[in-house]
Amino acid sequence: MTAVQPRRRRLVGARRELVVTVVLLAVVVALVLTGLGVGEIPLSPAQVVAAAFGHGDAIADFVIGQLRGPRVFGAVFVGAALGVAGAIVQSVVRNPIASPDVIGVTSGASAAGITAIVLFGASGGVLFGTVLVGAVVVSLAIAALSWQRGITGNRVVLVGIGVAAICLAVTGWMLTSGTVTQAGTALLWLSGSLNAVDRNLVVVLAVAFVVLMVLALLQSPRLTVLALGDEVASALGLRPDRAKVLLLLTAVCLTAGAVATAGPVSFVALMAAPIARRIVGGGRVALGPAAAVGAAITLASDLVAQFAIPGTALPVGVVTGVVGAPYLLWLLARGR
């Protein structure tokens, strides 16, 4: 009986996670239809669906294909990538505030991107590659500096905050070194903006997300074992440090792809995973729900950014920052 109960609990937990994921995906689809339909040229859900399958009129095809589609689907994949990255980092480090925003990964990616924009006028694939390299280099530096007989949570957070401060200084230096035009472009990108998202980059991010999500799901059993502690994980045959490095590298690549597409959209990675875990329950890692929650947060925030102030399209990062900053303060206030 005792052997059956844990198996039954796992089955119930997996079933609940699947149901939650389906419900969250339905919410994401509803937000996608809303984002594609609202605007100066309103489109009904039937028009949106018809245009998506190539049966729409010329106006609907243009509005969705050229104007709203890249922005909406950019929000989906940026939010999903950040949600999964946050879930992985928080589970590996075992700290609820250890998101890519907080530990310096996003700051490193941003510093690399701003340097490429100001010094070389980079965009598109070049910017994507530069941001990825910058994120990986900064992450390796954080891992090396925080290493003490393995990767421990508190050291990663503290070292990450210090490295993030250095990266912010580099970002400020680049902004003051560039021209007014370069500074304007860089500031818009730094605020986390979907206003002029590159359609080709969205395609690249979508492909990268699918590949990295599969890798993350394949590694999710290791996250469950690591949650028991390094000693227990070692006793169960897992090499904790190697597993942590591979998992964190996956999270870094997801973060870099999101930053390269829309800039550093703040606090999505911090909020998505705890919300998903709370909904699913049972102490599950819940990577799928975290991706859906991240996508929903980014889509909803972008709708607010577009229509909260008539005639003004705010960067989506402004809205997520307004929501996420109080959440971070609440985490710090309630923690020990």
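Helices are taken here as DSSP runs of H or I with at least four residues, numbered from the N terminus. Arginine 71 is found in helix 3 by that convention, and the model in which it is described is a predicted one.

When its neighbours within four places in sequence are left aside, arginine 71 is in contact with Leu194, Asn195, Val197, Asp302, Gln306 and Leu314.

The largest pocket has a volume of about 480 Å³. Of the 23 residues that line this pocket, Gly39, Leu67, Arg68, Arg71 and Gln306 are the closest to its centre, and the contact list of arginine 71 also includes Gln306. Helix 3 (58–93) and helix 12 (287–307) each supply at least two residues of the lining, with the largest share, eight residues, coming from helix 3. By residue class, the lining divides into 11 nonpolar, eight polar and four charged residues.

## The nonpolar core

The largest nonpolar core holds 104 residues, of which Val84, Ile88, Val131, Trp189, Phe209, Leu287 and Leu299 touch the most other members. Helix 3 gives the most to this core, with 18 residues, and helix 3 is also the source of the largest share of the pocket lining.

Leucine 299, one of the core residues that touch the most other members, is in contact with Val28, Leu31, Val32, Val72, Ala75 and Val76 once its neighbours within four places in sequence are left aside. Aspartate 198 has its place in the loop between helix 7 (180–190) and helix 8 (199–226), where it is partly exposed, with a relative accessible area of 30%.

Helix 10, with 23 residues, reaches 33 Å from its first C-alpha to its last, close to the 33 Å expected at 1.5 Å a residue. This helix is mostly covered, as 17 of its 23 residues are buried, and it is followed by glycine 263, whose phi is positive, near 80°.

Helix 11 (residues 268–280) has 13 residues, which should span 18 Å at 1.5 Å a residue, and because its end C-alpha atoms are 18 Å apart, the model agrees with that expectation. The buried residues of helix 11 are Val268, Ala269, Leu270, Met271, Ala272, Ala273, Pro274, Ala276 and Val280. Glycine 281 follows helix 11 and has a positive phi, near 75°.

Most residues other than glycine have a negative phi. Against that background, phenylalanine 267 deserves a separate note, with a positive phi of about 70° although it is not a glycine. Phenylalanine 267 is found in the loop between helix 10 (240–262) and helix 11, and it is buried, with a relative accessible area of 16%.

Alanine 286 likewise has a positive phi, near 60°, in a residue other than glycine. This alanine lies in the loop between helix 11 and helix 12, and its relative accessible area of 3% places it among buried residues, because buried means under 20%.

Notes
Residues numbered from 1 in each chain as written. Predicted model: local features only at pLDDT ≥ 70, side-chain atom pairs only at ≥ 80, totals over all residues. Heavy atoms only, no water. 1 Å grid on protein atoms, 1.4 Å probe; cavity = no way out; pocket = protein on both sides within 12 Å on 5 of 7 lines; lining within 4 Å. Points joined across faces, edges and corners; volume = space filled by probe spheres on them. Nonpolar A, V, L, I, M, F, W, Y, C, P; charged D, E, K, R; others polar. Expected span 1.5 Å × (residues − 1). Buried < 20%, exposed > 50% of the residue type's maximum accessible area, 1.4 Å probe, protein only. Core = buried A, V, L, I, M, F, W, Y, C linked by side-chain atoms within 4.5 Å. Contact = heavy atoms within 4.5 Å.
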